[in-house]
Amino acid sequence: MSALLEVSDLCKSFGGVTAVAGVSFEVREREILGIIGPNGSGKSTLFNCVLGQLRPSAGEVRLEGKTTTGMRPCDLNRLGVSRTFQMLQVFPQLSVRDNLILAGQEHRGSMVTRLFGRSDAGLAEDAERMIEFFRLSHLAGQQAAELSYGQQKLLDVAMGFMAGPRLVLLDEPAGGVNPTMLGELRERLEAYHAERGATFVVIEHQMEFVMALCTRVLVLAEGRLIAEGTPAEIRRNQIVIDAYLGSATPPA
Amino acid sequence: MTRPGAVALAIACAAAVAAPFLLKSFGIYLLSLWAVLAVAAIGLNLTLGYAGQISLAQGAFVGIGAYCVALLVPAGVPYPVAFVSAGLLCFAIGWLLGYPALRVQHHYLAFITLAFTTLVFLVLRNEEWLTNGIYGINAIARPTLLGWSTGRPLQFYFFCLGALAVIALAIRWMLRSPWGRAFVALRENPIRALSLGVDTRRYTLIAFALGASLGGLSGALYAPLVQFIEPSSFGLGLSFNLLLMVIVGGSGFFFGPFVGALIAVLLPEWLRIAEGYYLMAYAAGVMALMAFCPSGVLGLIDRASKAIAARRGFGAPTLGIERPQP
């Protein structure tokens with residue numbers, strides 16, 4: 001499998017604090033890669049550097065071999081890289097349908113054609129399909145603010161998929177979601193992955209969720225990569241257990 | 001639009017057409033001033049209410065538009081050309097004023113735009129070779145359009161009302177396009193909007209430029225309305241007054257600026273029965289409204305209509321039509 005995304009020697013410091021200290025990895029086409037690690041280990045900062053929200057202090061990011069370091073998030077998004085955030089990020093005053101249309105409209109035409117073209121930018125059907133896919137049909141016309149937390153989380157993920165991205169970076173999709181909704185979220189993510197063959201990178205603390213969803217897992221601690229492997233390998237890795245997972249039985 | 005909303009709009013339109021026939025010339029002047037300032041307030045509502053960028057510069061753009069017309073028309077430029085030029089000039093200056101908004105927000109941006117208003121005032125006052133300084137420009141003619149003279153108060157009112165209607169429809173159409181959705185996204189969550197491919201830089205600049213251009217068009221109507229302009233009309237007072245109109249009417253509501261401008265122009269006059277205290281009564285009224293209803297008059301109506309719908313047992317509109325799936 002070829003690498004869709006390559007990150008090499010990425011560093012990010014804030015003043016004297018180094019959040020990411022030389023991380024290198026690659027994301028292969030069609031895989032679901034998990035990134036785990038304790039709070040403050042640099043996972044979200046890494047995401048923000050890859051996605052252009054933050055400018056890395058050093059290092060390089062390449063998408064299909066082309067350097068994208070320092071590119072603006074909106075330009076990266078139009079290249080087919082999408083994301084969700086750790087905190088809920090829907091547009092509360094817009095309806096569920098409008099949230100989804102917004103998530104796709106900037107990929108259609110130019111500024112001028114968007115001004116003079118159709119109000120829904122020709123995305124009404126796509127939005128309807130996405131609403132059905134995430135089982136939000138009964139909520140389509142409601143303002144996002146009126147949805148429950150779990151429903152907003154589904155909408156948030158659906159928005160990330162709206163433009164048909166090839167690479168989606170999900171930052172703690174399971175955070176604050178109840179067990180029933182969590183099962184549904186995982187099932188929908190797997191279904192989308194199978195249907196569209198998209199590539200996912202998932203940051204998550206919910207171990208069961210990561211281990212079930214991901215095909216490969218990276219472990220970060222203090223801004224460095226400390227382990228890499230399949231979920232089963234990561235579970236057995238002594239360094240990871242010491243740094244993050246902890247052991248089930250206290251050491252003798 | 002809901003049924004009661006459409007009825008209210010129809011009544012308001014009929015009232016706007018009928019009212020001047022019941023009024024003397026000062027009343028017609030006040031209505032014309034309402035129409036003119038509503039154009040500027042619609043522009044500020046676009047920048048602030050939809051795109052979420054604070055601006056205390058709208059009064060300065062009204063001034064730039066007014067001086068543009070007052071200087072170009074005597075130089076032989078036809079009024080329609082001067083009118084469009086005022087809009088274009090303010091669009092360009094508004095675009096440039098948008099650049100600071102790419103760096104800072106909120107009160108920092110407020111101070112940048114406030115300083116801009118002061119700068120424009122000083123240019124209008126000090127550059128006498130161009131603007132005639134504190135003596136202002138008088139005897140500004142009202143235009144004759146396609147053989148129709150707007151010289152008399154009633155005719156000029158209908159000219160202003162027609163301009164307001166055309167501009168309002170154009171803005172309504174723009175807000176219903178994907179641009180309107182992008183502006184709301186910019187206001188509600190610029191970081192998320194950026195991650196969804198929305199070029200927030202460009203939309204911020206457009207929001208500033210379009211808002212400013214409406215300020216310029218308002219000024220281009222203001223100059224022939226009052227027929228005498230001088231720099232102090234376009235100082236901070238006007239910018240604050242326009243901000244008041246947007247907020248009191250209901251920031252981010254399409255009809256907010258119409259209601260806000262009506263209140264800001266007419267209420268002080270109605271309160272004249274309080275004689276020497278009328279402006280004090282007006283100020284106290286504004287304080288009370290802002291303290292109890294920060295979302296403005298239309299926000300109040302919106303809340304009330306939702307509460308009535310809930311009491312009657314209708315939930316949000318969609319729930320009445322589509323049943324939740326099992």
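Helices H11(B) and H14(B) are roughly parallel to each other (angles under 35 degrees count as such), because their axes cross at roughly 5 degrees. This is a predicted model, in which local features need pLDDT of at least 70, side-chain atom pairs count only at pLDDT 80 or more, and totals for chains, interfaces and linings use all residues. Residues are numbered from 1 along each chain as its sequence is written, while chains are lettered from A and ligands numbered from 1 in the order in which they are written.

**The helix pair in chain B**

- The axes of H11 (residues 236-249) and H14 (residues 296-311) of chain B come within 3 Å; axes are lines fitted to C-alpha atoms, for helices over the stretch in contact, and angles run from 0 to 180 degrees between N-to-C directions.
- H11(B) brings B:Ile247, B:Val248 and B:Gly249 to the contact, and H14(B) brings B:Gly296, B:Val297 and B:Leu298 (contact: C-beta atoms, placed from the backbone, within 7 Å).
- Helices (H or I, at least four residues) and strands (E, at least two) are DSSP runs, numbered from the N terminus.

**The sheet in chain A**

- Six strands form an open sheet in the order S6-S7-S8-S3-S9-S10 (chain A), with mixed pairing; two strands pair if DSSP finds at least two bridges between them.
- At the edges are S6 (81-84) and S10 (224-229) of chain A, each pairing on one side only.
- Strands S7 (residues 167-171) and S8 (residues 199-203) of chain A run parallel and are joined by five bridges.
- Opposite A:Leu170 stands A:Val202 in S8(A).

How values were computed
Parallel < 35°, antiparallel > 145°, perpendicular 65-115°, else oblique. Contact = placed C-beta atoms within 7 Å.
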